[in-house]
Amino acid sequence: MTLRFDILTTFPEMFGQEAPAALGLSIPARARTAGVVEWHAHNIRDWAHNKHDRTDDRPFGGGPGMVMSCQPIWDAVHAVEALDSRPATRILLTPQGAPLNQRTAEDLARAPRLLLIAGHYEGVDERVIEALSPREISIGDYVLSGGELAALVLMDAVIRLLPGALGDDDSALQDSFGPLPTTDPNGEPVDPGLLARLLDEFGIAPDTRLLDCPHFTRPRVWEGREVPEVLLSGDHGAVLRWRLEQALARTKARRPDLL
Ligand code: SAH
């Protein structure tokens, strides 16, 4: 199944499909070639039926900046939704939304179609937000110039989770915030009994999300610093144990809020 993104923006050129566009490289580009994702950026200006194709206007009540008008966004959403029979989950990128996290990305990766609305300037007229009632998502507690970079971040986080998006080289990734490992370093399923014992020993609930463990590659010794011995042992049970232990220690030290 292909996940379809539609992005409503006044800067559609930020959503190019080819390198060096942000999503035209690496995993997102491979996912698109493999047919697990497609995306279409639409210029809100194309639905601005006024003299200068304006998508914004001065704020009522005064003050600096401009506010994106209701009508072009409303018309754009309905016209774009009609381009495909799959129902779209509407998402407004806004610093006032629910913070994006890995669980949200996993949830969104199960949808057939996501329609992303990127604001600009001071933001979007509140009435069209109410009328469209989108899911409101923020990528963090800071303010960007526009929703485009937030949309790209959300897209990348979702695309890499799609089945078939990751190639052989990265399919065994155990990432921060992800579910606990179900395969060992060789891609073999982890013995559920062993995993259960380790979780019990470390006092971790099975649905805990941890930070990733540290990673090492060749050479074995670099500038006098050695790779942890256990990673060279070939003992998969011992490696799993060490990685879980490290992941837990890091999470305790850096992100106790996750535990
Ligand atoms: N005045 C607004 C901010 C507007 S910033 C406020 O204070 O809430 C302009 C646009 O950038 C927003 O409409 C939104 O689409 C996008 N944006 C800015 N920061 C963002 C963030 N942290 N997450 C997601 N989108 C963001």
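**Entry 1: the ligand**

I looked up isoleucine 139 and found one of its backbone N or O atoms 3.0 Å from a nitrogen atom of the ligand; a polar contact is a pair of N or O atoms within 3.5 Å. I record that the model is predicted, that local features need pLDDT of at least 70 and side-chain atom pairs pLDDT 80 or more, and that totals for chains, interfaces and linings use all residues. Residues are numbered from 1 along each chain as its sequence is written, and side-chain values use heavy atoms, with hydrogens and water left out.

A polar backbone atom of glycine 119 is 2.9 Å from an oxygen atom of the ligand. For threonine 94, a backbone N or O atom lies 3.4 Å from a nitrogen atom of the ligand.

**Entry 2: the shell**

I listed 20 residues around the ligand, a residue being near if one of its heavy atoms lies within 4 Å. Leu93, Gln96, Gly119, Glu122 and Tyr142 come nearest. By class, I recorded nine nonpolar, ten polar and one charged residues; Gly counts among the polar ones. The largest share of the shell, four residues, comes from β5 (strands are DSSP runs of E, at least two residues; helices are runs of H or I, at least four).

**Entry 3: the cores**

I looked up the largest nonpolar core, which has 27 residues. Such a core is a set of buried residues of the types Ala, Val, Leu, Ile, Met, Phe, Trp, Tyr and Cys, joined through side-chain atoms within 4.5 Å; buried means under 20% relative accessible area, exposed over 50%, and partly exposed in between (1.4 Å probe, protein chains only). Those with the most contacts inside this core include Phe5, Trp39 and Val158. Helix α5 gives the most to this core, with seven residues. I also noted a second, separate core of 15 residues, with Ile44, Leu92, Leu115 and Val128 among them.

**Entry 4: valine 80**

I placed valine 80 in helix α2, residues 70–81. Valine 80 is buried, with a relative accessible area of 0%. Leaving out residues up to four places away in sequence, I found that valine 80 touches Asp6, Leu8, His42, Trp47, Arg113 and Leu115 (contact means heavy atoms within 4.5 Å). Valine 80 and aspartate 6 are 74 residues apart in sequence, yet 7.5 Å apart in space, C-alpha to C-alpha.

Definitions and conventions: A polar contact is a pair of N or O atoms within 3.5 Å; within protein, one must be able to donate a hydrogen and the other to accept it, and residues adjacent in sequence count only if both atoms are side-chain atoms.
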